[in-house]
Structure formats: structure tokens, C-alpha cells
Amino acid sequence: MKKIEAIIKPFKMDDVREALAEVGVSGMTVTEVKGFGRQKGHTELYRGAEYNVDFLPKMKLEVVLPDNQVELAIEAIMKTAQTGKIGDGKIFVYEVERVIRIRTGEENEDAV
């Protein structure tokens, strides 16, 4: 099993969620986060004063999947989250050693 973490632009979240549902992803965790990469933030004007916005709003989604669904999920995220502009985000893939459903005690792929 693998865990996919994707950091994407907030306005792309609904599209990505729908695309993942279409390829069989049945659950995910989503968190509102802030951060920066090469984009390095930007400058804004507020009440006549300029200030730097160092951390930009992003969405972090996490899914744990059987190995045979990972590539489909990555392709779905790439296809729907990509705008072609700086700050589109990143996808991280991790190995998952064990998963346990608290309610039933089911483990691994049965728990996902």
C-alpha cells in the first residue's frame, strides 16, 4: 500500500476530488495548509501599505491506496490540478506498512 500526499491550489480541490472518485478512490483526508516553494509568496497592497505574503494558501489531500490504484490516482491528480503556472503543487508517495480500522480491527487493504 502507498500513501499519496498532494499539495494543490485551493480552487482545484473539487475537481481533484471528483477525478479521484472516478478512478475508485473512496476516501481521503483534506487539510487547509499554507506554504511556499519556488513561488516564494507575493506582495499585496492593503490600505495603502505594501506587505509580503510569505505563506500561500494550499490544500493538502492524503489518500492511502492499494499499489494497483496508485498510478491511476497520481494521473488523476496531475491531470486536474495542473494549471501550467507556478505553484501548482507537489505529489509525495510513501510506503505504508500497516493500516488498522479502529472500529472493526480490520487491517491493511481491508481497512482502506
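1. In what order do the elements of the protein run from the N terminus on? The order is β-α-β-β-β-β-α-β, which gives two helices and six strands. Helices (H or I, at least four residues) and strands (E, at least two) are DSSP runs, numbered from the N terminus.

2. A note on the source: this is a predicted model, in which local features need pLDDT of at least 70 and side-chain atom pairs count only at pLDDT 80 or more, while totals for chains, interfaces and linings use all residues. Residues are numbered from 1 along each chain as its sequence is written, and side-chain values use heavy atoms, without hydrogens and water.

3. Overall form. The C-alpha trace spans about 60 × 30 × 20 Å along its principal axes.

4. Of the 112 residues, 33% count as buried, that is, under 20% relative accessible area with a 1.4 Å probe, protein chains only. Among contacts (heavy atoms within 4.5 Å) with a separation of 6 or more, 71% join residues 24 or more positions apart.

5. The largest pocket. About 310 Å³ of space lies in this pocket. A pocket is found on a 1 Å grid over the protein atoms alone, as an open set of points where a 1.4 Å probe fits, with protein on both sides within 12 Å along at least five of seven lines; lining residues have an atom within 4 Å of a point. The volume is the space filled by probe spheres set on the points, which are joined across faces, edges and corners. The lining has 15 residues, and Phe-36, Gly-37, Arg-38, Gly-89 and Lys-90 lie nearest the centre. β2 (29–35), β5 (56–65) and β6 (89–95) each supply at least two lining residues; β2 has the largest share, three.

6. The second largest pocket. Its volume is about 190 Å³. Of its 13 lining residues, Gly-27, Met-28, Val-63, Val-64 and Val-112 lie nearest the centre. Here β5 gives the most, with four residues.

7. Lining classes. The largest pocket has five nonpolar, five polar and five charged lining residues. The second largest pocket has six nonpolar, five polar and two charged. Ala, Val, Leu, Ile, Met, Phe, Trp, Tyr, Cys and Pro count as nonpolar, Asp, Glu, Lys and Arg as charged, and the others, Gly among them, as polar.

Notes
Buried < 20%, exposed > 50% of the residue type's maximum accessible area, 1.4 Å probe, protein only.
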